[in-house]
Amino acid sequence: MDRSTDRGFDGLRCPDYIFESSWEVCNKVGGIYTVLSTRAKTLQALFPDHLVFIGPDCWEEQHSPYFVEDDSLFADWREKASQEGLALRIGRWDVPGNPIAVLVDFKPFFAQKDAIYTRLWEAFQVDSLHAYGDYDEASMFSYAAGRTVESFYRFYLDENVRVVFHGNEWMTGLGLLYIRQHLPQVATVFTTHATSIGRSIAGNNKPLYDYLCAYDGDQMAEELNMQSKHSIEKQTALHVDCFTTVSNITDEECKALIGKPADVVLPNGFEDGFVPTGNAFTKKRSAARRRLMRVANALTGREFDADTLIVSTSGRYEFRNKGIDVFIDAMNRLRFSEGLNRQVLAFVEVPAWVACPRADLQNRLESGAEVVYKDALENPYITHWLHNMDEDRVLGMMGYLGMANENGSQVTVIFVPSYLNGTDGIVNMSYYDVVLGNDLTVYPSYYEPWGYTPLESIAFKVPCITTGLAGFGQWALTAENGRNSIMNGVKVIHRTDYNYHEVADEIRDTVLEYAKMDRGDVAKSRTNAFRLSKKALWSHFISYYRTAYDLALCKAEQRMKSSENQ
């Protein structure tokens with residue numbers, strides 16, 4: 001059977017089955033969930049029910065909001081797998097495309113942990129002696145995922161079937177190495193979305209970029225107590241059939257810190273099927289703006305008119321890496337800009353250690369939309385109480401800069417430290433509904449392998465500011481042939497290890513520029529943002545995965561031919 005032209009692969013080798021593993025399959029904890037869940041629809045269309053995601057069964061007796069179990073799927077194999085010591089739940093991931101998902105209970109393998117690590121050292125020299133934190137949990141899941149692929153393959157498939165096993169992040173490395181050793185006919189692909197050492201260097205306030213070529217990954221792993229995570233990541237990258245990452249900037253990181261460049265760069269795409277259109281878009285945008293200004297009035301006692309410029313930053317609470325610090329600083333500098341001619345309402349939407357939504361704020365919000373408050377609540381800059389109010393870095397910086405939303409300032413900054421899932425108790429709207437209400441978003445990352453938040457923003461026709469240290473920022477510059485202004489929908493600010501103050505000033509100046517735009521220019525900027533987002537759809541970016549699959553399958557075929565000739 002000639003499969004080279006199946007599914008439009010244009011002469012490239014095409015897998016018959018794809019198994020893809022991640023800690024974030026049916027487990028929404030970070031950005032990789034977005035990568036996999038939005039890509040699923042495109043891959044499922046290419047490989048209908050020959051795409052199988054493998055994730056951790058973290059739910060025990062609880063209902064998973066992301067997974068729908070189906071006892072009829074692979075019922076005969078499930079029984080065999082159980083006899084082999086694999087406790088599996090099989091069903092579908094409740095995302096567009098509804099791909100098959102297998103959740104594996106990894107906890108039983110903790111009893112074998114030392115023996116598993118010993119075999120890993122003997123075969124691949126992976127150092128697990130310095131493991132701590134989530135290393136053991138991730139590794140036992142990864143081992144269980146590898147065993148699951150092996151079991152499925154031996155039950156249903158044979159060497160005439162082309163199979164790819166794709167793992168994401170160091171947390172899947174053990175399983176990939178297991179398959180590489182025990183099922184060499186299966187092609188392996190490994191994606192590092194961010195190197196463990198690069199993220200750690202940046203997170204420890206060390207200069208990453210100017211000294212990248214001088215850093216030794218192994219030495220830095222020892223200095224930062226990251227030996228085990230770095231070791232599994234490095235050895236996986238060296239031994240899989242195709243090593244990949246998500247952007248050119250992370251590829252440079254891989255070369256320097258792992259000692260191997262990526263074989264293929266896989267940029268993160270987007271599925272825009274849930275972006276509302278027409279009247280639905282207009283209604284949702286209006287509802288979001290009303291809600292955000294309602295919350296702001298109830299909290300601060302300040303009135304916000306329809307012309308208020310709503311700005312936000314969001315993402316994981318990595319204070320320096322995500323540029324939360326420079327966003328706050330830029331908003332503070334904007335407070336003193338003489339040219340600002342309208343109110344600016346800025347939100348920091350970053351989940352923190354939330355204790356509870358503020359009861360006093362809830363009481364005001366429940367009093368009716370017609371009530372306009374004139375007096376501020378205590379601490380009129382945060383919507384939820386935190387367990388660590390005195391140690392929180394956002395609050396600490398705002399306090400240091402004297403940002404208390406006092407009367408007379410045209411810039412109001414509000415910290416929303418809760419996940420925007422629609423049930424936070426204050427905003428009570430999902431993140432995707434909230435982002436619609438923005439006029440402008442700011443993501444001034446120092447360390448950002450890709451950057452989904454700016455891509456999501458422009459998909460909702462909200463222009464954004466990002467940096468050249470984000471993979472998305474670099475891609476946007478290339479996609480726009482170097483054109484770089486907020487009028488084009490994305491402003492990419494040049495950022496280095498040492499130009500923090502220049503970045504803060506440029507953010508301030510860009511927000512000021514946007515605030516002064518007339519309606520026609522704003523409409524052009526929003527249209528250009530939306531147009532750019534269309535270039536990043538998975539329908540375009542899936543071609544990079546085709547290349548990765550082809551390369552991995554080619555190496556697996558060569559390996560098997562070599563073993564036959566020996």
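The lining of the largest cavity is made up, by class, of eight nonpolar, two polar and one charged residues, and these values come from a predicted model. That cavity has a volume of about 100 Å³, and a search of the whole structure finds four cavities of 30 Å³ or more. Helix α5 (173–182), which supplies at least two residues of this lining, also packs against helix α4 (residues 135–156), with axes that come within 6 Å. The points below take the cavity, the helix contacts and a pocket in turn.

**The largest cavity**

- The residues that line the largest cavity are I116, R119, L120, A123, F124, Y143, L174, L177, Y178, Q181 and H182.
- Two helices, α3 (113–124) and α5 (173–182), each contribute at least two residues to the lining of the largest cavity.

**Contact of α4 with α5**

- Two packed helices are described by the angle between their axes and the distance between the axes.
- For α4 (residues 135–156) and α5, the axes come within 6 Å and cross at roughly 35°, and α4 passes α5 in a right-handed crossing.
- On the α4 side the contact is made by S139, S142, Y143, G146, R147, V149, E150 and R154, while on the α5 side it is made by G173, L174, G175, Y178, I179 and H182.
- By class, the contact of α4 with α5 has five nonpolar, six polar and three charged residues.
- Y143 of α4, together with L174, Y178 and H182 of α5, takes part in this contact, and Y143, L174, Y178 and H182 are also among the residues that line the largest cavity.

**Contact of α2 with α4**

- Helix α4 also meets helix α2 (residues 75–83), and here the axes come within 10 Å and cross at roughly 125°.
- α2 and α4 are therefore oblique to each other, and their crossing is right-handed.
- The residues D76, W77, K80 and A81 in α2 meet T148, S151, F152, F155 and Y156 in α4, and by class this contact has five nonpolar, two polar and two charged residues.

**Contact of α11 with α13**

- Helix α11 (residues 324–335) and helix α13 (residues 393–400) have axes that come within 10 Å and cross at roughly 30°, which makes α11 roughly parallel to α13.
- The crossing in which α11 passes α13 is right-handed.
- From α11, the residues I324, D325, I328 and D329 meet V394, M397 and M398 in α13, and the residues of this contact divide into five nonpolar, no polar and two charged.

**The second largest pocket**

- The second largest pocket holds about 370 Å³ of space, and of the 15 residues that line this pocket, the closest to its centre are A306, D307, R342, D439 and R519.
- Helices α10 (278–300), α17 (500–515) and α18 (519–534) each supply at least two residues of the lining of the second largest pocket.
- By class, the lining of the second largest pocket has six nonpolar, two polar and seven charged residues.

Terms used. Residues numbered from 1 in each chain as written. Predicted model: local features only at pLDDT ≥ 70, side-chain atom pairs only at ≥ 80, totals over all residues. Heavy atoms only, no water. Axes fitted to C-alpha atoms, helices over the stretch in contact; angles between N-to-C directions. Helix = DSSP H or I, 4+ residues; strand = E, 2+ residues; numbered from the N terminus. Parallel < 35°, antiparallel > 145°, perpendicular 65-115°, else oblique. Left-handed = near helix turned anticlockwise from the far one by under 90°. Contact = heavy atoms within 4.5 Å. Nonpolar A, V, L, I, M, F, W, Y, C, P; charged D, E, K, R; others polar. 1 Å grid on protein atoms, 1.4 Å probe; cavity = no way out; pocket = protein on both sides within 12 Å on 5 of 7 lines; lining within 4 Å. Points joined across faces, edges and corners; volume = space filled by probe spheres on them.
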